[in-house]
Amino acid sequence: MWVFSRIVESHIKRQLSLDKFGMVPEHSFFKEISSCLITIMPEGFYDSVEKGSIILKKLSTSEFCFCKEGIMVDDESAVLETDQVILATGFKGDEKLKDMFASPVFKDCIFGSSTASLPLYRQCIHPRIPQLAVIGFSESFSNLFTSEMRCRWVMELLDGTFKLPSIKEMEKDAEKWDKYMKRYSKENYRRSCIAALQIWYCDQLCKDMEINPKRKQGFLAELFQPYAPLDYPPTS
């Protein structure tokens with residue numbers, strides 16, 4: 001896995017000219033995919049950067065201010081003439097979940113410990129707030145697909161297809177996922193990234209919903225063909 005990620009990393013750097021534009025990440029590609037830090041650029045994005053219609057700036061240490069013509073950066077001698085400015089500052093999803101509640105008790109409950117990933121059973125249900133389903137917090141390679149799978153899982157839960165385990169069992173399962181997050185995502189474990197285990201995660205949801213987790217036709221297909229959203233049609 002490490003060797004494969006290094007090959008992909010070198011290819012991406014060369015193909016997108018990341019060194020030229022000063023956009024080489026400080027973290028490795030392996031860490032990026034394990035922490036869901038990877039992004040997919042729109043088609044032709046770096047072609048627009050090459051033409052100058054998109055200007056990329058890392059401002060981790062620099063200061064900037066807006067002016068009539070655009071934006072001024074303290075280490076630039078000229079004004080950057082711009083029509084639009086996008087500040088890619090990121091966000092903290094755990095803080096957003098916490099701020100949903102007015103009660104300090106529920107705030108502390110949903111936030112959990114700052115030294116552990118969010119304790120969500122199946123990355124969806126808090127063991128001590130089972131009336132609340134959290135869709136979209138945990139990340140993967142395809143957030144829309146995993147969110148759709150969680151919605152189906154919640155629908156089947158509400159429809160009575162299966163029941164939640166005891167609080168103790170759900171908390172024990174959340175602890176196992178916490179160990180995985182810390183092992184692969186390192187300091188980014190609070191992001192709750194399941195990218196490296198997305199197929200296995202979907203298998204767990206399928207088993208809960210009493211759906212066959214083996215989605216391919218045949219043994220060899222199951223071993224060698226990649227899984228995709230179309231392998232999980234709504235009617236199966």
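Reply: This is a predicted model. Begin with strand pairing: strands β1 (residues 64–66) and β2 (residues 70–73) run antiparallel and are joined by three bridges.

Me: Is Cys67 buried, partly exposed or exposed, and which residues does Cys67 touch?

Reply: Relative accessible area settles the first part, with buried meaning under 20% and exposed over 50%. Cys67 is partly exposed because its value is 24%. Leaving aside residues up to four places away in sequence, Cys67 touches Met72 and Val79. For a sense of distance, take Phe4, which is 63 residues from Cys67 along the chain: the two C-alpha atoms are 46 Å apart.

Me: Which strand does β2 pair with through two bridges?

Reply: That strand is β3 (residues 80–81), and β2 and β3 run antiparallel. Ile71 has Leu80 as its bridge partner in β3, while Gly70 stands opposite Glu81. β2 and β3 also form a hairpin, with six residues between them.

Me: What is the strand order in the open sheet?

Reply: The order is β1-β2-β3, three strands with antiparallel pairing. β1 and β3 are the edge strands, each pairing on one side only.

Me: Which residues make the nonpolar surface patch?

Reply: A patch is read from side chains, not from the backbone pairing. Phe64, Phe66, Val85 and Leu87 make a nonpolar surface patch of about 360 Å². Val85 sits in the loop between β3 and α5 (93–98).

Me: Why does Val85 count as partly exposed?

Reply: Apply the cut-offs again: partly exposed lies between buried, under 20%, and exposed, over 50%. Val85 is partly exposed because its relative accessible area is 34%.

Me: Now a helix. How many residues of α9 are buried?

Reply: Helix α9 (residues 198–208) has eight of its eleven residues buried, so it is mostly covered. The buried residues are Gln198, Tyr201, Cys202, Asp203, Gln204, Leu205, Cys206 and Asp208. The buried residues of α9 pack against α7 (143–158) and α8 (167–185).

Me: What should I look for in backbone phi angles?

Reply: Most residues other than glycine have a negative phi. Two residues here can be read against that background. Glu210, which follows α9, has a positive phi near 60°. Arg122 has a positive phi of about 55° although it is not a glycine.

Me: Where are Glu210 and Arg122 placed?

Reply: Glu210 is in the loop between α9 and α10 (219–224). Arg122 is in the loop between α6 (104–111) and β4. Their accessibility should be read one residue at a time. Glu210 is exposed because its relative accessible area is 64%. Arg122 counts as buried because its relative accessibility is 11%.

Me: What about the chain as a whole?

Reply: The protein chain has ten helices and five strands. Its C-alpha trace spans about 65 × 50 × 30 Å along the principal axes. Of its 236 residues, 36% are buried. The chain exposes about 15,700 Å², with carbon and sulfur atoms supplying 56% of that area. Among contacts between residues at least 6 apart in sequence, 52% join residues at least 24 apart.

Me: Where is confidence lowest and where is it highest?

Reply: Confidence is lowest in helix α3 (residues 29–34), at a mean of 73, and highest in strand β4 (residues 125–126), at 94. For the protein chain, the mean pLDDT is 85, and 97% of residues reach 70 or more.

Technical notes: Residues are numbered from 1 along each chain as its sequence is written. This is a predicted model: local features need pLDDT of at least 70, side-chain atom pairs count only at pLDDT 80 or more; totals for chains, interfaces and linings use all residues. Side-chain values use heavy atoms; hydrogens and water are left out. Two strands pair if DSSP finds at least two bridges between them. Helices (H or I, at least four residues) and strands (E, at least two) are DSSP runs, numbered from the N terminus. Buried means under 20% relative accessible area, exposed over 50%, partly exposed in between (1.4 Å probe, protein chains only). Contact means heavy atoms within 4.5 Å. Patches are made of residues with over 30% relative accessible area and no salt bridge: like charges are joined within 9 Å, nonpolar side chains (Val, Leu, Ile, Met, Phe, Trp, Tyr) within 5 Å. Accessible areas come from the Shrake-Rupley method with a 1.4 Å probe; for residues, only the protein chains shown count as cover. A salt bridge is a side-chain nitrogen of Lys or Arg within 4 Å of a carboxyl oxygen of Asp or Glu. pLDDT is the predictor's confidence in each residue, from 0 to 100.
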